[in-house]
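Here's a quick briefing to read with the model open next to you. Have a look first, then go through the points below.

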Amino acid sequence: MKHQETLLSTPMKNNLSDLSVESIGDDHLYTGIETPMVPDAFLISNEEKKQKIAGLFQEIMETMGLDLSDDSLKGTPKRVAKMYIEEIFSGLDPANKPKIALFENKYQYNQMLVEKNISFYSNCEHHFVPIIGKAHIAYISSGKVIGLSKLNRIVQYYAKRPQVQERLTNQIGRDLQDILDTESVAVIIEAKHLCVSSRGVKDDTSETVTCFYGGEFQSPRKIVELQNYLK
């Protein structure tokens, strides 16, 4: 049950490409379920990427007038480069996708399984500032089950990218449908966006909620049951 990438229609994509950065402003846009990547994204090694990022980030710091001869700052470009490649954006590299093993549902458990309050840190692709949130995942087995920790790891893998919350929600949901070979998957994400709370409108109290409901979770009865578990 491999899902194909769902993209905006050609007219909409053309309209988006015609928009200027200034006209988009802080609008919340994304153009497809797949993370936008160039075809040659992995032609250079991670070490080469870190070296290049360090050099470019040094230029940014120097442009802002920072003194990189200071002991506190001189290692920052390399630290940032390492953090980008090995940590907060490591989910861009398919080699880092968690290995998933499935098991027979020997307990014959045929109700929903819910893993809630999975914490994650991501980064907004519009401003590269943190998204801090929690994910709730539920599925109904079609004969196979997954180790609980793997649900957390899948969330972390997709979160460790420049992201948009709607895309993150759909990526987790669709991947779990493929892995578990069942449409009956639900994903709910609640998150705080620092691009809203620490800059721009500077609203520190609002949160964003996104949902993915597939299979039996499209039933209002199942949605209510799931929401009761999350209270």
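Is I60 buried, partly exposed or exposed? I60 counts as partly exposed because its relative accessible area is 43%, and the band for that label sits between under 20% (buried) and over 50% (exposed). Keep in mind that this is a predicted model. The rest of the tour goes from a surface patch to an annotated site, and then to the strands around one of its residues.

**Surface patch**
- I60 belongs to helix 3, which covers residues 46-63.
- Together with M64 and L66, I60 makes up a nonpolar patch on the surface.

**Annotated site**
- An unreviewed UniProt entry lists C124, H127 and C195 under "binding site".
- C124 is buried, because its relative accessible area of 4% falls under the 20% cut-off.
- C195 also counts as buried, because its relative accessibility is 13%, under that 20% limit too.

**Contacts around the cysteines**
- Setting aside neighbours within four places in sequence, C124 touches V129, I131, Q163 and C195.
- With residues up to four places away left out, C195 is in contact with C124, H127, V129 and G200.
- V129 turns up in the contacts of C124 and again in those of C195.
- The annotated residues meet here as well: C195 touches both C124 and H127.

**Strands around C124**
- If you want a pair to click on, S119 stands opposite K134 of strand 3.
- Strands 2 and 3 form a hairpin with 5 residues between them.
- In that turn, F128 has a positive phi of about 55 degrees.
- Strand 2 also pairs with strand 5 (residues 162-163), this time in the parallel sense and over 2 bridges.
- N123 has P162 in strand 5 as its bridge partner.
- Q163, within the 162-163 range of strand 5, is one of the contacts of C124.

Key:
Residues numbered from 1 in each chain as written. Predicted model: local features only at pLDDT ≥ 70, side-chain atom pairs only at ≥ 80, totals over all residues. Heavy atoms only, no water. Patch = residues over 30% accessible without salt bridge, like charges linked within 9 Å, V, L, I, M, F, W, Y side chains within 5 Å. Areas by Shrake-Rupley, 256 points an atom, 1.4 Å probe, with all protein chains shown as cover. Salt bridge = Lys/Arg side-chain N within 4 Å of Asp/Glu carboxyl O. Helix = DSSP H or I, 4+ residues; strand = E, 2+ residues; numbered from the N terminus. Buried < 20%, exposed > 50% of the residue type's maximum accessible area, 1.4 Å probe, protein only. UniProt positions renumbered as here; feature names shortened; annotations may be inferred. Contact = heavy atoms within 4.5 Å. Pairing = 2+ DSSP bridges.
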